[in-house]
Amino acid sequence: MTAAVFFDLDGTLADTAPDLAGALNALLKRHGKPTVAYEKVRNLAAYGAQRLLREGFSITADDPGYAALRDEYLNLYGESVCQHSTLFPGIAEVLETLNQRQIPWGVVTNKHARFTLPLLEKLGLSQHLACTISGDSCANAKPHPEPLLLAARTLNVDPRDSLFVGDTINDLKAADAAGMRVLIAGWGYFDENEPRSNWNPTAWIDTPEEILAYL
């Protein structure tokens with residue numbers, strides 16, 4: 001039996017791309033640049049501010065002014081962290097089933113706590129969360145296994161008896177390194193330039209309900 005289930009946040013539990021893209025476009029407008037179509041940036045939402053800023057401003061972390069632009073973007077995002085974000089259809093029902101079966105579940109995300117905690121609160125998830133590991137909870141973020149191993153220690157469960165649900169290659173790498181089974185959410189965010197033919201998760205799933213078959 002599965003001792004615990006851990007979820008990635010952006011692109012797995014919640015559709016946060018509308019607010020992440022909205023903050024990017026607000027920043028572009030502020031700097032007098034053309035906005036980007038939502039469809040173009042949706043699948044980049046799971047890869048953080050650096051990837052979004054590269055798309056909108058053609059800037060990298062090595063460029064002068066990047067840090068200031070990143071901070072400006074993050075402040076804008078923090079002002080609207082859950083304005084349009086919602087749980088993906090079917091997620092609430094899966095979480096309720098886990099609660100009923102008394103299987104603890106938590107969130108392991110690279111999003112920093114200043115955004116993670118208010119987002120989870122506004123999504124109505126805080127009450128039943130067994131643990132929350134944010135991007136600044138550890139010295140290393142995913143794809144390093146440290147956040148998942150910390151989550152397992154927090155709940156006093158063996159990683160090998162745990163299940164992780166994510167949507168990116170970083171999720172897969174982290175779970176593999178931690179010794180956890182991993183499901184890749186087909187409804188999540190995928191960088192179209194990243195080949196997936198060599199991914200080897202426990203399973204690909206198309207709907208949240210399919211998670212229940214792996215408990």
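This is a predicted model: local features need pLDDT of at least 70, side-chain atom pairs count only at pLDDT 80 or more; totals for chains, interfaces and linings use all residues.

Colleague: What makes Glu-55 partly exposed?

Modeller: Glu-55 has a relative accessibility of 22%. Buried means under 20% and exposed means over 50%, with partly exposed in between, so Glu-55 counts as partly exposed.

Colleague: Why is the pair of Lys-40 and Glu-55 called a salt bridge?

Modeller: Their closest N and O atoms are 3.5 Å apart. A salt bridge asks for a side-chain nitrogen of Lys or Arg within 4 Å of a carboxyl oxygen of Asp or Glu, so the pair of Lys-40 and Glu-55 qualifies. The structure holds eight salt bridges.

Colleague: Which parts does the pair of Lys-40 and Glu-55 tie together?

Modeller: Lys-40 lies in helix H2 and Glu-55 in helix H3, so the pair ties together parts that are 15 residues apart in sequence.

Colleague: Which residue forms a salt bridge with Glu-55 at 3.7 Å?

Modeller: That is Arg-51, with 3.7 Å between the closest N and O atoms, and the limit is 4 Å. Glu-55 and Arg-51 are four residues apart in helix H3, so about one helical turn separates them. Arg-51 is buried, because its relative accessible area is 13% and the cut-off is under 20%.

Colleague: How do you know that Leu-44 is buried?

Modeller: Its relative accessible area is 5%, and buried means under 20%, so Leu-44 is buried. Leu-44 lies in the loop between helix H2 (38-41) and helix H3 (48-57). Setting aside residues up to four places away in sequence, Leu-44 touches Arg-51, Leu-52, Glu-55 and Asp-191.

Colleague: And Asn-43, is it buried or exposed?

Modeller: Asn-43 counts as buried, since its relative accessibility is 19% and the cut-off is under 20%. Asn-43 is placed in the loop between H2 and H3. Leaving aside neighbours within four places in sequence, Asn-43 is in contact with Gly-188, Tyr-189, Phe-190, Asp-191 and Glu-192.

Colleague: What joins the side chains of Asn-43 and Arg-42?

Modeller: A polar contact of 2.9 Å joins them, and the limit for such a contact is 3.5 Å.

Colleague: What makes Cys-82 and Cys-131 buried?

Modeller: Cys-82 has 18% relative accessibility and Cys-131 has 6%. The cut-off is under 20%, so Cys-82 counts as buried, and so does Cys-131.

Colleague: Let's turn to the strands. Which residues cover the two faces of strand S4?

Modeller: In strand S4 (residues 105-108), Trp-105 and Val-107 lie on one side, Gly-106 and Val-108 on the other, and all are buried.

Colleague: Why are S1 and S4 called paired strands?

Modeller: Strand S1 (residues 4-7) and S4 share three bridges, in the parallel sense. At least two bridges are needed, so S1 and S4 count as a pair. Phe-6 has Gly-106 in S4 as its bridge partner. S4 also runs parallel to strand S5 (residues 131-133), again with three bridges, and Thr-132 in S5 is the bridge partner of Val-107.

Colleague: Which helix belongs to the β-α-β unit with S4 and S5?

Modeller: It is helix H6 (residues 113-122), and the unit is right-handed.

Colleague: One more pair, please. What makes Asp-171 and Lys-142 a salt bridge?

Modeller: The closest N and O atoms of Asp-171 and Lys-142 are 2.8 Å apart, and the limit is 4 Å. This pair links distant parts of the chain, 29 residues apart: Asp-171 is in helix H8 (residues 169-178), while Lys-142 is in the loop between S5 and helix H7 (146-154). Both Asp-171 and Lys-142 are buried. Together with Asp-8, they are linked in a network of salt bridges.

Conventions:
Residues are numbered from 1 along each chain as its sequence is written. Side-chain values use heavy atoms; hydrogens and water are left out. Buried means under 20% relative accessible area, exposed over 50%, partly exposed in between (1.4 Å probe, protein chains only). Contact means heavy atoms within 4.5 Å. A crossover is right-handed if, with the strands pointing away from the viewer, the path from the first strand over the helix to the second runs clockwise. A polar contact is a pair of N or O atoms within 3.5 Å; within protein, one must be able to donate a hydrogen and the other to accept it, and residues adjacent in sequence count only if both atoms are side-chain atoms.
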